[in-house]
Amino acid sequence: MEKTDFVQITRQPTIPENEFYPMIYKMYEEIWFTRLPPEIPTKLLTVKRAKNVVTPPDAPIPDCITCGLCCEMMPCVGVRPHEDIAPEDYWDITVEGKNGEIVVDRYLRRNGETFACQQLTNDNGKILCKIYETRPQMCRDFDAGSDKCHALRRISGLEPYLPRKETVAALEKLEARPQRGESSEMIDSVKFVETDAGTLDIVASLKDESKKTIYNFDPKLETWRQFEFDALTLEEAAQLVENRRQMQKNK
Ligand code: SF4
Ligand code: SF4
């Protein structure tokens, strides 16, 4: 996929799943390969300041208004079904079903040339979000001053690299961190699979490569997104389903 293809694809409000992921992988490459290599793999790092392992508790919290790096560098910002985002601000990701297209995921749109979130804006040097009040939960979950925030700033040259001794100590702490869930309980990804009755099974691929159907829903009555289940344990997924059903009942 060429860089110019992005502009074409990103103009579409709906993107087939088999076109979306190659585009996103290419965006990751373009965004990340122009930066310094991280001294700690960023996927190991938390986005919650309260769960920091690498950053000292008294480290100053960076100012987002002069930064915006997480909004530039994290291309997959999921939009949950109940979130109040205008249709022109997201892409629906689809697969072909027996009776037409099925929406399986929804993500904030990116700029086809810079790859940054389309809502990121620079107002005379102030980096702002155009939909700050209604931004998705995924954006709210990313804390300024978290280990991942500092890592993005280090690889972009806004903060100095950690000294070697601190890097080694951080890697040791990360390795000693308690692991979440047993592999047979952790969801790697989910796929919606259409049944003969026209309903959708939510089928989870688990970390140990086994598969488990965690829920079946009628897309005429309920809306789910595949990304909502990423990296949950089976117990957390069951709780998510239960909470959503309660929320719908109380409407
Ligand atoms: S959360 Fe961190 S990376 Fe994101 S804009 Fe704020 S300071 Fe920058
Ligand atoms: S919606 Fe706002 S906070 Fe979220 S990624 Fe885009 S610019 Fe950043």
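**Aromatic cluster.** I started with the rings and found that F20, Y21, Y25, W91, Y107 and F227 form one aromatic cluster. This is a predicted model, where local features need pLDDT of at least 70, side-chain atom pairs count only at pLDDT 80 or more, and totals for chains, interfaces and linings use all residues. Residues are numbered from 1 along each chain as its sequence is written, and side-chain values use heavy atoms, with hydrogens and water left out.

**Ring pairs.** I let rings of Phe, Tyr and Trp (its six-membered ring) pair if their centres lie within 6.5 Å; planes under 30 degrees apart are stacked, over 60 edge-to-face and the rest tilted. By this rule I get nine aromatic pairs. One is edge-to-face because the planes of F20 and Y21 meet at 80°, with the ring centres 5.1 Å apart. Are these two buried or exposed? I call a residue buried under 20% relative accessible area, exposed over 50% and partly exposed in between (1.4 Å probe, protein chains only). F20 is buried at 0%, while Y21 is partly exposed at 22%.

I then looked up F192 and F217: their centres are 5.4 Å apart and their planes at 75°, so this pair is edge-to-face. F192 is buried, at 9%, and F217 is buried too, at 3%.

**Charges over rings.** Here I need NZ of Lys or CZ of Arg within 6 Å of the ring centre and within 35 degrees of the ring normal. Which ring does R244 sit over? The charged end of R244 is over W224, 4.2 Å from the ring centre. I also noted R135 over the face of Y132, at 3.9 Å from the centre of that ring.

Technical notes:
Chains are lettered from A and ligands numbered from 1 in the order in which they are written.
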